[in-house]
Amino acid sequence: MIKKTTLILFLLSCALIVNAQIMQLDTIISTIEQANPELQMYDAQSAAFTSYAEGAKAWEAPKVGAGFFMTPYNPSMWKADNSGGMNNMGTNGMGSFMIQGQQMIPNPAKLKANEKYMQSMSEVEIANKDYVKNDLFAQAKMNYAEWIILKKKLYVLDEQEQLMNYIIKTSEIRYPYQQEKLNSIYKAKAELAAIQNMRLMFESEISWKRVALNQLMNRDKSIQFDVDTSIVFKNYEAIRLDTTLLITNRSDLTAIEKNILVYKNKQQYENSRLKPDFEIQYGHMFSFGNNPNLFTLMGMVTIPIAPWSSKMYKSTALGINYEIQGYQKQKEAIINEASGMVESLQWRISSQKKQINIYENTMLPALQKNYKASVLAYEQNTEDLFVVLDAVQALQMAKMELLDKKQQLLLLQIEYEKTIEQK
């Protein structure tokens, strides 16, 4: 009865899995790229700098003003006086009302350099987005791979649970005939409980993986879906490291190149500030009394090469040179670290594959034969149940260890892809 109940529950769980939507890893990656808010943040920041660049060549607003110009405080002196006074000489009046306009005309080279500087900052945000995107993709791949292994471990537990139920049922039948010991039955039931407890743990971890992937895709965390359990091992250990390809693919190196370009453009902008700006002013005066109307028309130019002002621009440009050198050294350090990591990952992938081969071709077949031999001896009353339980435990542990090895290999592959940023 227990065996039939377990089988029914197993078939029901399989039916639920079949009915759940299976999402391929490529679909998850595509959804993350389109919907993840962290990536959308970089798009917004890039668009902001692009917008700033579009306004970088704008002129300052013109200025207008109006007011009295060289006008006496005594209003009686504003008007002309022709009545004759001392020596029969009159006055024409004093003062005027003035309207004025002025416009700053910035140097075109300075505007162009500022626009180029702002546009290069937009490109840095795109490179930073690619770096974050590579990290998010790696997180999705790791959660997906770990979910696959957890499901395969559940399959192992299904087999073990059916086997333990069979052993318990058999031993309970044999016990009244003194063909089995009571402590052996209790040990078998304890093993069954341990399997059921492990199942709960694995199912809980699968739920965490589902939530993590939904979060990366910016979806409702309760959406149910399943994964494709097929596993593909790739021959990354046989690939010869191409440093040029590594430099081309790595988005953090691209971001450094873009930052170097930003500083070079900033340096050009600082140098352009040594160029003069121009200003034009025009004023018209409505003179009081009999005085003629007057005007002023002036052109002005800044002198940024003056020692007390050029020092700031020159020191900033020199400091930028050191910033660029720092980025170049950082780039060299990343290339050195990444190339060493790739070599290490290739060696570890090769070693992991060899261990998996030993498990699959030597250890598991031997443990499987040991288990079958112990079950056969137990059925013939020539072996104790404890020996059967030990054989079952050893076989289960080896299967679990093999799956752990496969998970480690999958994670090493993902780390390799993240390091070289393989799409």
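In this predicted model, Asn218 is found in the loop that runs between helix 5 (182-216) and strand 4. Although Asn218 is not a glycine, its phi is positive, at about 60 degrees, and with a relative accessibility of 43% the residue counts as partly exposed. Most residues other than glycine have a negative phi. A positive phi, of about 50 degrees, also occurs at Met70, which is likewise not a glycine. Met70 belongs to the loop between strand 2 and strand 3, and its relative accessibility of 67% places Met70 among the exposed residues.

The secondary structure of the protein consists of nine helices and six strands. For the 423 residues, the globule rule gives a radius of gyration of 22 Å, whereas the value for the protein is 41 Å, well over that figure, so the protein is more spread out than a compact globule. The dimensions of the C-alpha trace along its principal axes are about 155 × 45 × 30 Å. Of the 423 residues, 38% count as buried. Among the contacts with a separation of 6 or more, 84% are made by residues 24 or more positions apart.

The packing of helices may be considered next. Two packed helices are described by the angle between their axes and the distance between the axes. For helix 4 (residues 108-174) and helix 9 (residues 385-420), the angle is about 170 degrees and the axes are 9 Å apart; because angles over 145 degrees count as roughly antiparallel, this description applies to helix 4 and helix 9. The residues that make up the contact of helix 4 with helix 9 comprise 18 nonpolar, five polar and twelve charged residues.

Lys234 is placed in the loop between strand 4 (226-227) and helix 6 (243-249), and its relative accessibility of 34% makes Lys234 partly exposed. When neighbours within four places in sequence are left aside, the residues in contact with Lys234 are Lys353, Gln413 and Glu417. The C-alpha atom of Lys234 is also separated by 9.7 Å from that of Leu409, a residue 175 positions away along the chain.

Aromatic side chains form nine pairs in the structure. In one of these, Phe49 and Tyr52 adopt an edge-to-face arrangement, with 5.7 Å from centre to centre and 85 degrees between the planes. Phe49 and Tyr52 are three residues apart in helix 3 (residues 37-54), so that about one helical turn separates them. Phe49 is buried, its relative accessible area being 17%.

A second aromatic pair, formed by Trp78 and Phe288, is stacked, with 5.2 Å between the centres and 20 degrees between the planes. This pair links distant parts of the chain, since its members are 210 residues apart: Trp78 lies in the loop between strand 2 (63-69) and strand 3 (96-105), while Phe288 lies in the loop between strand 5 (278-287) and strand 6 (294-301). With buried residues defined as those under 20% relative accessible area, Phe288 falls in that class at 18%, whereas Trp78, at 25%, is partly exposed. Trp78 and Phe288 also belong, together with Phe68 and Phe97, to one aromatic cluster.

Key
Residues numbered from 1 in each chain as written. Predicted model: local features only at pLDDT ≥ 70, side-chain atom pairs only at ≥ 80, totals over all residues. Heavy atoms only, no water. Phe/Tyr/Trp six-rings, centres within 6.5 Å; stacked < 30°, edge-to-face > 60°. Helix = DSSP H or I, 4+ residues; strand = E, 2+ residues; numbered from the N terminus. Buried < 20%, exposed > 50% of the residue type's maximum accessible area, 1.4 Å probe, protein only. Axes fitted to C-alpha atoms, helices over the stretch in contact; angles between N-to-C directions. Parallel < 35°, antiparallel > 145°, perpendicular 65-115°, else oblique. Nonpolar A, V, L, I, M, F, W, Y, C, P; charged D, E, K, R; others polar. Rg over C-alpha atoms; globule rule 2.2 N^0.38 Å. Contact = heavy atoms within 4.5 Å.
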